[in-house]
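Hi there,

Here is the structure I promised to hand over to you. Have a look at it first, and then read my notes below.

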Amino acid sequence: MATVALAVTDGMLHFELSLACEVFGADMPGSVAPLYHLSVCGPSAVRIGRFRLEPDQGLDHLPHADTVIVPGWADIDTDPPVELVDAVRAAHDAGARVVSLCTGAFVLAAAGLLDGRRATTHWAHTQELTRRHPRVAVDPDVLYVDDGSVLTSAGKAAAMDLCLHLVRLDHGSSIANTLARRLVVPPHRDGGQAQFVTTPVPAPDNHPLADLLPWVVQRLDHPLTVEDMARRARMSSRNLGRHFRTVTGTTPLQWLLTQRIRHAQELLETTDDTLDTIAANTGMGTATTLRRHFNRTVGVPPDAYRRTFRPHRQGRDGSRPPLSLPAP
């Protein structure tokens, strides 16, 4: 039986830890034996959020496990304990598959396990992971990264996607799909975490684009050009591009496309408008153009996004339509 060890110390996030326990520690109905032997490894009793946890083993047990999982690290501004970092590194050196959930990637990075590798973490912290560990190829858009012996998940619920991926690798799609049904989650989600990232307009300030940006957002249904924006801002197109780089970190056209996509997301979430209507209201012209840019930017088609984020309609009795999961 495959062994899974959860590496825990004070300062872990309980959501990711409990999620891993549910996937790797629960018995499968109808199965002859558990899928995994799960142990929780840490130094004596540890505090996990509001909970006090008694580990089964010490951190020195990690090198004996087939898979080591590091849950989310609560305070990324605080260095993880040296004993945790050393134990995770030793487990990988001993041949264990090492997995981080959410901000647990900062522990793996501190151990040097992500150097030269592609990895991810919660979208809110990808820039900090890149800044602190420049040798890591951080991918901010995916739900998880499988780099062989080292795997990392994006934030929060993406940990479930990675855990089910591990079950799929170890036991096949049928078992992973059955487990997903028991947990009432999709066995596989389309797209990446880009669809969950908010893209607000920069806060009003005394920068040269302070008047222009709100003006553009109010006219997203117009076929605006860089020249239109430069004329409104009373500057040359070259100066406009320079100021956009400084204020927004991107080009005028890319920023405009991002605002159009964000408005399309809002309309998909809050209206029954057709894709042609949404395309017209966001300045993208046709449903075909909307689909192309939306899929490229968000990672899923508009229809799939609407099904995921549009609140289910309630019936007169307060009931909701059933949620259908894909067949295995």
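Glu54 counts as partly exposed, at 49% relative accessibility; buried means under 20% relative accessible area, exposed over 50%, and partly exposed in between, with a 1.4 Å probe and protein chains only. Glu54 forms a salt bridge with Arg52, and their closest N and O atoms are 2.8 Å apart. (A salt bridge is a side-chain nitrogen of Lys or Arg within 4 Å of a carboxyl oxygen of Asp or Glu.) Arg52 is exposed, with a relative accessible area of 57%.

Before going on, a word on how to read all this. This is a predicted model, in which local features need pLDDT of at least 70, side-chain atom pairs count only at pLDDT 80 or more, and totals for chains, interfaces and linings use all residues. Residues are numbered from 1 along each chain as its sequence is written, and side-chain values use heavy atoms, with hydrogens and water left out.

How confident is the predictor? The pLDDT, which is the predictor's confidence in each residue from 0 to 100, averages 86 over the protein chain, and 87% of the residues score at least 70. Over residues 313–328, pLDDT stays under 50, and the model has 17 contacts beyond four places in sequence for them. Contact here means heavy atoms within 4.5 Å. Where pLDDT is low, the predicted coordinates should not be read in detail.

Now the overall picture. The protein chain has 13 helices and ten strands; helices (H or I, at least four residues) and strands (E, at least two) are DSSP runs, numbered from the N terminus. Of the 328 residues of the protein chain, 44% count as buried. Take the contacts between residues at least 6 apart in sequence: 63% of these join residues at least 24 apart.

Back to the salt bridges, of which a search of the whole structure finds 13. One of them is between the side chains of Asp86 and Arg89, at 3.0 Å from N to O. These two residues are separated by about one helical turn, because they are three residues apart in helix H2. Asp86 is partly exposed at 38% relative accessibility, and Arg89 is also partly exposed, at 28%.

Another salt bridge brings together the side chains of Asp77 and Arg132, 3.8 Å from N to O. Asp77 lies in the loop between E5 and helix H2 (82–93) and Arg132 in helix H4 (residues 126–132), so this pair ties together parts that are 55 residues apart in sequence. Asp77 is exposed, with a relative accessible area of 62%, whereas Arg132 is partly exposed at 26%.

Next, the inside of the protein. Which residues touch the most other members of the largest nonpolar core? They are Val23, Phe24, Leu62 and Val88, in a core of 62 residues. The largest share of this core, seven residues, comes from helix H5 (residues 158–171). A nonpolar core is a set of buried Ala, Val, Leu, Ile, Met, Phe, Trp, Tyr and Cys residues joined through side-chain atoms within 4.5 Å. In soluble globular proteins, nonpolar side chains tend to be buried together. Not counting residues up to four places away in sequence, Leu62 touches Ala5, Ala7, Cys41, Val68, Ala87, Val88 and Ala91.

Strand E1 (residues 2–7) and E2 run parallel and are joined by six bridges; two strands pair if DSSP finds at least two bridges between them. Leu6 has Val40 as its bridge partner in E2. Strand E2 (residues 36–41) is mostly covered, with five of its six residues buried.

Finally, please find Asp66, in the loop between strand E4 (51–53) and strand E5 (67–70). Is Asp66 buried or partly exposed? With a relative accessible area of 41%, Asp66 is partly exposed. Leaving aside neighbours within four places in sequence, Asp66 is in contact with Met1, Ala2, Thr3, Ala96 and Arg97. Its side chain reaches the backbone nitrogen of Thr3 at 2.8 Å. Asp66 and Val98 are 32 residues apart in sequence, and their C-alpha atoms are 8.7 Å apart in space.

Enjoy exploring!

Terms used
Polar contact = N/O pair within 3.5 Å; in protein donor to acceptor, adjacent residues only side chain to side chain.
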